[in-house]
Each structure stands twice: as C-alpha cells, then as structure tokens.
Amino acid sequence: MKLSHLLLLATLMVVTSCGRGSGQPTSPASASAYIQNKGSDTLVNLALAWAERYQAEHPEVSISVTGGGSGTGIAALINGTVDIANASRAMTADEIKQAKANGITPVEFVVSRDAIAVVVNPGNPVRRLTLQQISDIYSGKINNWSGVGGENRPIVRLSRETNSGTHVYFLQTVIRLGDKKNPTLFSTDTMLLASSEGIINEVRLNPNAIGYDGLGYIPKDLAGSVIAVARDASGPYVIPSIATVNDNSYPVSRDLYMYTAGTSAGVIKEYINWILSPEAQGIVADLGFVPIK
Amino acid sequence: MNKTLNRRETIISAIIKTCGYSAVLFVILIFFFLLREGLPALFEVKLGALLATRWYPIENHFGILPLITGSLIVTMGAMLVAIPFGIGTAVFLSEIAPRWMREILKPLVELLGGLPSVVLGFLGILVLSPFLRVFLDLPTGLTALAGALLLGGISIPTTVSIAEDALDSVPQGYREGALALGATRWQTIWRVTLPAACSGVLTALMLGIGRTIGETMAVMMVTGNAPVLAIKLASIFHPVRTMTATIAAEMGEVAKGSTHYHVLFLIGLVLFIISLGVNIIASSVIFKSKKRAERVLS
C-alpha cells in the first residue's frame with residue numbers, strides 16, 4: 001500500500017516537473033535579464049517590434065511579449081505576474097486601488113498614440129459619418145444603412161470583446177460622446193469578436209458590417225473604406241492618419257500606455273527609456289501608429 | 001515466489017483502486033472549487049439581476065439568461081444535426097457497408113474526431129459563415145446556426161465511433177434469428193439490432209452532447225458572441241453568446257475575487273450542473289431501456 005503511494009507520488013512529480021519544463025519559456029543561458037510584457041492587442045505588434053529591435057541591440061536582455069487585451073495585461077500587473085503591462089486605455093481608479101491592495105504601485109508611461117478607425121465593407125457606399133451617427137448605429141437607434149445615406153441593408157455591428165481597451169475607449173468617446181454620465185450602451189446584438197483579425201475578416205466579407213479597430217490594424221485592401229468622421233454635422237469629415245491625429249482634427253484618437261510595477265529600475269527602466277527614444281519612436285510610424293512628440 | 005506474486009497483486013490492485021477513487025475525488029474537488037468561487041456571486045449580485053437579460057459585465061450588468069439560452073440553442077441545433085447523421089453513419093458502417101469499406105471509413109471518421117476545434121473554427125469563419133449569409137440571405141453568417149452545424153460536425157465522430165462499437169457488439173445470432181423469422185434487413189436493424197445496442201448508442205449520444213455543450217473555441221469563433229436572449233425559433237439565425245465562450249473570452253481580464261470573477265465561476269457551475277443533469281437523465285434512460293431490451297431479447 002505504502003509503496004503504491006510512493007509510486008504515485010513519484011509519477012506525479014515527474015509529470016508536474018515535465019509540465020514546468022515545457023510550459024514556461026526558459027530564458028537562454030546567455031541572457032541575464034528577462035522582461036515579461038503583456039496586454040493590449042492594439043499594442044502587441046508594436047511591442048513585439050520594439051522587443052525584437054531591443055533584443056538585437058542588447059543580447060543579454062530577453063523580452064517576452066503576449067497580447068490578450070488591456071484588461072488582461074492590467075489584471076496580470078495587479079496579480080504581479082508581468083513586469084510591464086501594455087494598455088490602450090488608462091488604468092481605472094478601481095484597478096489602481098486593487099493594485100495597491102496587492103502592494104503594487106503602477107507607474108504610467110505614454111508610449112505612442114493611436115487613431116481608432118471606423119471601417120465598412122468596400123462595397124458599402126457610406127464613407128462619412130458624424131460621431132452622433134456612429135453612436136446611434138452602435139447603440140441600436142439606427143438599424144439600417146439607409147438611415148445614414150446608404151443602401152437598404154441591415155447593419156451588422158462588430159466590436160472587440162469587453163476586455164479590450166479599444167472597446168472601453170470606443171464606448172466612452174464615441175457611443176457616449178465623451179459624456180461620463182451618459183448611460184448609453186452597445187446594442188445587445190453587437191457582435192463581440194475576440195480579435196482584431198476577426199473584425200477585419202468579417203468587414204472584408206460582409207457588406208452589412210461596420211467595425212472599428214486601431215489604425216495600425218487596417219489592412220491595405222480596406223484602407224479605401226475607412227470612414228471619415230466629423231465631430232458634428234457641420235464639421236469637417238476627417239480620415240484618420242498620423243497628420244490628423246497630431247493636429248487633433250481626427251476626433252477618435254488616444255494615448256497608448258505601458259505600466260510598470262513600482263518605479264522601475266535596472267533593465268526595465270532602460271527598456272522604457274529606450275522606447276521613449278527617437279529610435280524606438282521611428283518604429284511606431286512604420287507600423288501605422290502615431291509617435292509621441 | 002508466491003510471496004512476490006501476492007505482493008505484486010496488492011500493489012497493482014492498489015494502483016487501480018487509487019485511479020478509480022481519484023476520478024471521483026477530482027470531480028468532487030472541482031465541484032467544491034466551483035461552489036467556493038461561484039456561490040459568492042449570489043450574495044454580491046441580486047438573483048433578479050442575475051436572471052436579467054443584459055450581459056455587460058464592465059458596467060455591472062450580470063444577466064446570465066442570454067448566455068444560458070445561447071448555449072442551449074446551439075447545443076440543441078447541434079444535436080439535431082448529430083443524432084440522425086451520427087446514428088445513420090454508425091448503422092451504415094456496422095450493418096450495411098462491406099468489410100473493406102468499413103475498414104477504410106471508420107479510421108477516417110475517427111481521424112475527423114482528432115481535428116483541433118480551432119481549425120474547424122477557421123473553416124467556419126472563412127467558408128461556412130459566408131456561405132450561410134449568402135445562401136439564407138442573413139445579415140451575417142456568424143450565427144447560432146453556424147455554431148450548431150459546426151458543433152454537430154465536431155460531435156459526429158465521437159457519436160459514430162462509440163455507437164458503431166455498440167452495434168458491432170450485438171451478437172450475430174440476433175440478426176440471424178430475425179432474418180430467419182422473415183424480417184427484412186431494415187426491420188432487423190430498426191427492431192432488433194438498434195434496440196439491443198440501445199444503451200451503447202445512448203452513451204454515444206450523451207458523449208456527443210457533452211462534447212457539444214463544453215466546446216469553446218469553435219463556438220467562440222463562429223457564433224458572433226452577441227449576448228442576445230435566444231428564445232424564439234428565429235434566434236437560430238441570429239448571433240448568440242454561449243456560456244463557454246463567455247468564460248473563455250472574459251476569464252483573462254478579471255481581477256481575482258471581483259464580482260465579475262465570481263459570476264464567471266457561477267456560469268461554470270451552471271454549465272457543470274447542466275452536464276450533470278444530462279448525464280443523470282442519460283443513465284436513467286439507459287437503465288430503463290436496458291431492462292426493456294433484456295425483457296424483449298432474453
């Protein structure tokens with residue numbers, strides 16, 4: 001009986017140790033420092049590009065970048081499992097409180113800017129909308145494209161999941177028109193897709209669809225059907241670009257953030273400083289984001 | 001000699017016993033874990049709010065009815081696909097197909113069962129849902145129907161494989177007896193072979209349902225994930241959000257111990273109870289039908 005218990009224990013130990021060995025990315029022997037970077041799917045490509053360049057220049061540092069959404073990254077920072085959290089929205093007061101309760105003081109860095117582009121199928125003739133019209137579409141007040149000057153087709157609303165910073169930003173800035181007391185929500189039949197890729201794909205295939213995503217994620221074949229957005233019916237309709245974000249004429253743009261746990265030191269601090277340098281900001285523009293000045 | 005044999009015997013039977021008990025133990029532990037993490041939700045959110053029809057957790061709308069109905073409609077749709085096709089294929093393989101064809105087809109069907117659901121999800125996004133949108137003239141192809149068809153397809157291999165084994169284990173004498181009494185081939189299959197294999201076929205269906213209701217990835221990719229209450233028949237042509245997809249999509253974002261976290265575990269608990277219910281009903285049906293089959297065939 002006892003021997004069998006021992007055997008079982010030994011088997012379990014072997015199994016768990018195997019699991020550990022293969023599950024955790026082990027840093028190469030040459031690297032002396034290891035940075036875990038996680039969060040916003042909007043930022044993930046940019047963060048990857050930064051990490052690749054930085055690792056090429058500093059072979060002693062190893063950086064792992066994963067996506068999952070801003071909420072996921074911030075939750076990981078609160079739970080103490082990442083060094084740097086990427087976020088496409090600022091942390092909420094609630095989240096900062098939770099982090100402090102866990103003994104972590106988040107420090108915020110604005111690392112890049114981004115425009116959120118509203119995009120439709122290339123076959124849809126609608127090319128310009130006001131913020132109010134977009135809000136009415138997503139809150140379910142307008143259900144047919146003919147209501148905004150298009151063809152007689154039902155509107156299919158696409159959105160990122162609720163763990164996406166882009167989702168939260170879009171809710172506050174576009175659907176609620178920046179009014180914090182406005183209780184408007186997404187219409188319940190808004191489809192919440194788990195990835196940018198899912199939204200782009202459905203917009204590409206479905207002539208009824210409207211979607212939104214970070215400017216850096218709009219592929220070339222959909223660049224022609226990005227909606228020009230106006231603050232109100234009289235105002236100019238502006239297409240998102242680096243120039244229109246920088247002169248603040250495009251109404252749906254935002255800062256992108258990185259958060260560290262506490263005042264960072266050593267490798268993490270050097271990495272953040274490098275990200276804010278002109279060299280790293282050059283990569284930002286290459287990927288369709290807007291560099292910070 | 002005798003002593004070592006005895007000792008070996010004890011060790012082996014102890015190992016087997018441990019395996020058997022551990023299965024029960026794990027289920028109980030998981031159940032208690034779900035209770036511990038999920039029940040606080042009942043105190044943090046009023047029951048009326050939980051049974052509301054709006055799911056929007058980041059603004060504290062925790063109505064889980066749309067998610068439950070979403071899961072149910074997709075599962076039922078999938079079973080409508082899987083039951084006739086699964087049993088039909090199993091009957092064909094076991095009773096009708098010549099031996100050589102069966103030896104090719106059965107491994108192929110089982111290979112189909114090994115396809116990762118993510119891959120099928122891709123197929124659903126790129127082929128099935130555009131097809132449904134154009135063919136049925138729907139606003140979007142990402143609907144409960146797409147999920148049901150895909151899940152039906154996913155559960156067919158499980159159903160076929162087990163049902164075929166059950167049909168295969170019906171003694172040849174039953175079929176010969178029926179044929180000797182003048183029954184046609186169809187009468188033999190429908191009145192003798194299928195009833196005799198009934199418990200195995202039902203097990204196959206239940207495992208199929210289990211696979212369906214627990215499936216996450218493919219469903220998340222093709223059902224559109226819109227938390228709409230799906231209680232009308234037409235809901236099958238609209239996007240829905242299932243319980244599994246909700247847990248998978250949102251578990252990563254929640255802070256441990258928050259209300260949202262507890263509600264997600266409560267959804268897990270509901271899912272667990274539904275599966276348990278399906279299994280209990282299945283085993284009681286199997287038990288009854290076994291008695292009847294034994295009466296008829298003994």
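Good morning. Of the 298 residues of chain B, 39% count as buried, a residue being buried if 20 or more other C-beta atoms, placed from the backbone, lie within 10 Å of its own, exposed if 12 or fewer, and partly exposed in between. This is a predicted model, in which local features need pLDDT of at least 70 and side-chain atom pairs count only at pLDDT 80 or more, while totals for chains, interfaces and linings use all residues. Residues are numbered from 1 along each chain as its sequence is written, and chains are lettered from A in the order in which they are written.

Let me continue with chain B. Its secondary structure comprises 13 helices and two strands; helices (H or I, at least four residues) and strands (E, at least two) are DSSP runs, numbered from the N terminus. The C-alpha atoms of chain B fill a box of roughly 70 × 65 × 35 Å along the principal axes.

I turn now to the interface. The contact takes 30 residues from chain B and 32 residues from chain A, two residues being in contact if their C-beta atoms, placed from the backbone, lie within 7 Å. On the chain B side, the elements giving two or more residues are α1 (2-38), α6 (117-136) and α12 (243-250). Of these, α1(B) gives the most, with four residues.

Finally, one position in chain A. A:Gly103 lies in the loop between α4 (93-101) and β4 (106-120) of chain A. Why does A:Gly103 count as exposed? Because A:Gly103 has 9 C-beta neighbours inside 10 Å. The C-alpha atoms of A:Gly103 and A:Leu205 are separated by 48 Å.
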